[in-house]
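Here is a short note to read beside the structure. Keep the model open and find each residue as it comes up.

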Amino acid sequence: VLRGDLEGHSFRAAGASAVELIARQNDPCSAGGTFEVINDADVSLDPAGTVGFDGACARGQGAFSSERGQPALPIALPEDATPLGAGFSFRQPSLAGSGKVAFLGTRRALHELRCETTRCAEPTTLAGPLDPAPDLSGDRLGDLIEGTIAGGRDRFVFVTKTLGADRREALVEWRRGVLRKVAAQGEEAPGEGGTFTSLQFPTFIGSEQNRPAVSGSTTAFLARVQRGWGIFANRKGTLAELARWLGPAPDNRVFAGSFSNPSVWRDRVAFVADSCVAEPNTDLCSRCVFLSRGAGAALEPVACSGDEVPGVGRLDAVVSAPALAGRRVFFWASMKEQPDARPSWCLLELAGGRLTVIARTHDPLPGGATVEKFGGASDLGSLVASGTRVALQTGLSNGQDETTGLLVFRHGEIIPIVANDPTASPAFEAFTAYSLLSRTLAFRAELYSSPRRVAIFRAALPP
């Protein structure tokens, strides 16, 4: 999509359109002045290719959006009037399609508005402090906890700390104007884990913040209960335990150790967890990708360390949190071609019961460079998927020099989006957030410059 030369090796996706710069620090801002800050937060996308992000200009920190080919426009700014008054600093826009946007303000209320190409309507408050907490008698909503908003279209979920005698954490759903409780601290959890003790318990596999995952009428989340921590799913109002530390796992095992954040597509939920043989004096454990195909369906280990990948080798260790896209599950793992061989990193796809290697370290790229690792400079990063495409940050090498790229993989094809190269224009140094939806990739990048600058980009992918 964008060409970058790496010591004489060029990367180009034939037929792809150019990367579009949306906003960059120190460039003019449509809200006045220049972009002073582009925050280190998620970049959101809607089906039309509109990109949402956080930033700060002369009039303060706000939420911005950009339609294809259009400059970034402010969704909401501190002095804007809202049903709760002015003085908000709007964060984390979540684009919902049909011009609808939801976002968080410093008073930690959830707002929604509709935007057109040239302007946005006034915000509507969906949920905010002192609103009655649903299904929690006598409690009221307190601050909405930053980083926990998920959802889109006509449904959002968030975690709040309620105001009342108990001051408890609660996971709340807003759907078509109605607030509903999903789970609350101190209430009995499904299964045999006891009551919920925390809805902000950190994830252990992958570097992502613990946040709910939403698709259709399903919400999946990681929470702590009296007897450990686990993965729970709410499908059409029915809450179920999918997995719990020291709880039963498939094949007469128990869950032990770590859980990843869940990934959701419609009523399917996927996550990574450790399971061990439930016998005394044994330490036989494996890390697996688990899949729940719907309410009442048995939880399945669909890919585990030690499993054979036909014609390639055996999985050595499943590492990343999975990404669900339709009936496909994407994840990465280490793999050994021979029992005594050194493991290599692999990106894998599970579809139709078949496990396929999409890419692995030392695979060649157009132009002669190779993939040296998955993830960023210091961690494994995250992968995002949509349809048959999956995007992730990778380490690249031409045999002499190493750099960083953001790549999209599809059906054996590798689409290089950008390559880190200080001589290119713009010169990308690191990619800190990215979203993929259908044929659009949006990403946040740090640029080689003095001083360092951050920018938001959008790329259209080939059919």
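Which residue in E41 is the bridge partner of Val 19? In E41, Val 19 has Ala 459 as its bridge partner.

1. Ground rules. This is a predicted model, in which local features need pLDDT of at least 70, side-chain atom pairs count only at pLDDT 80 or more, and totals for chains, interfaces and linings use all residues. Residues are numbered from 1 along each chain as its sequence is written, and side-chain values use heavy atoms, with hydrogens and water left out.

2. Names of elements. Strands (E, at least two residues) and helices (H or I, at least four residues) are DSSP runs, numbered from the N terminus. Two strands pair if DSSP finds at least two bridges between them.

3. The sheet around E41. Find the open sheet of 4 strands. The order is E3-E41-E40-E39, and the pairing is antiparallel. E3 and E39 (428–437) are the edge strands. Each has a single partner strand, so one side of each has no neighbour in the sheet. From one strand to the next, the twist averages 25°. For such angles, axes are lines fitted to C-alpha atoms, for helices over the stretch in contact, and angles run from 0 to 180 degrees between N-to-C directions.

4. Partners of E41. What holds strands side by side? Strands of a sheet pair through backbone hydrogen bonds, either parallel or antiparallel. Strand E3 (residues 19–24) pairs with E41 in the antiparallel sense, over 5 bridges. Strand E40 (residues 440–447) also pairs with E41 in the antiparallel sense, over 8 bridges. Leu 447 stands opposite Arg 453 in E41. Arg 444 has Ile 456 in E41 as its bridge partner. A hairpin of 5 residues joins E40 to E41.

5. Disulfides: the count. How many disulfides are there? The count is 3, where a disulfide is a pair of cysteine sulfur atoms within 2.5 Å.

6. Cys 29 and Cys 57. A disulfide joins these two, with S to S at 2.0 Å. The pair links distant parts of the chain, 28 residues apart. Cys 29 is in the loop between E3 and strand E4 (37–38), and Cys 57 is in strand E6 (residues 51–57). The torsion about the S-S bond is about 85°, so this disulfide is right-handed. Both Cys 29 and Cys 57 are buried.

7. Cys 276 and Cys 285. Their sulfur atoms are 1.9 Å apart, and they form a disulfide. This link is right-handed, with 105° about the S-S bond. Cys 276 is buried, at 11% relative accessible area. Cys 285 is partly exposed, at 39%.

8. Cys 288 and Cys 304. A disulfide joins them, with S to S at 2.0 Å. Cys 288 lies in strand E26 (residues 285–292) and Cys 304 in strand E27 (residues 300–304), so the pair ties together parts 16 residues apart in sequence. The link is right-handed, with 110° about the S-S bond. Cys 288 is buried, with a relative accessible area of 2%. Cys 304 also counts as buried, at 10%.

Definitions and conventions. Buried < 20%, exposed > 50% of the residue type's maximum accessible area, 1.4 Å probe, protein only.
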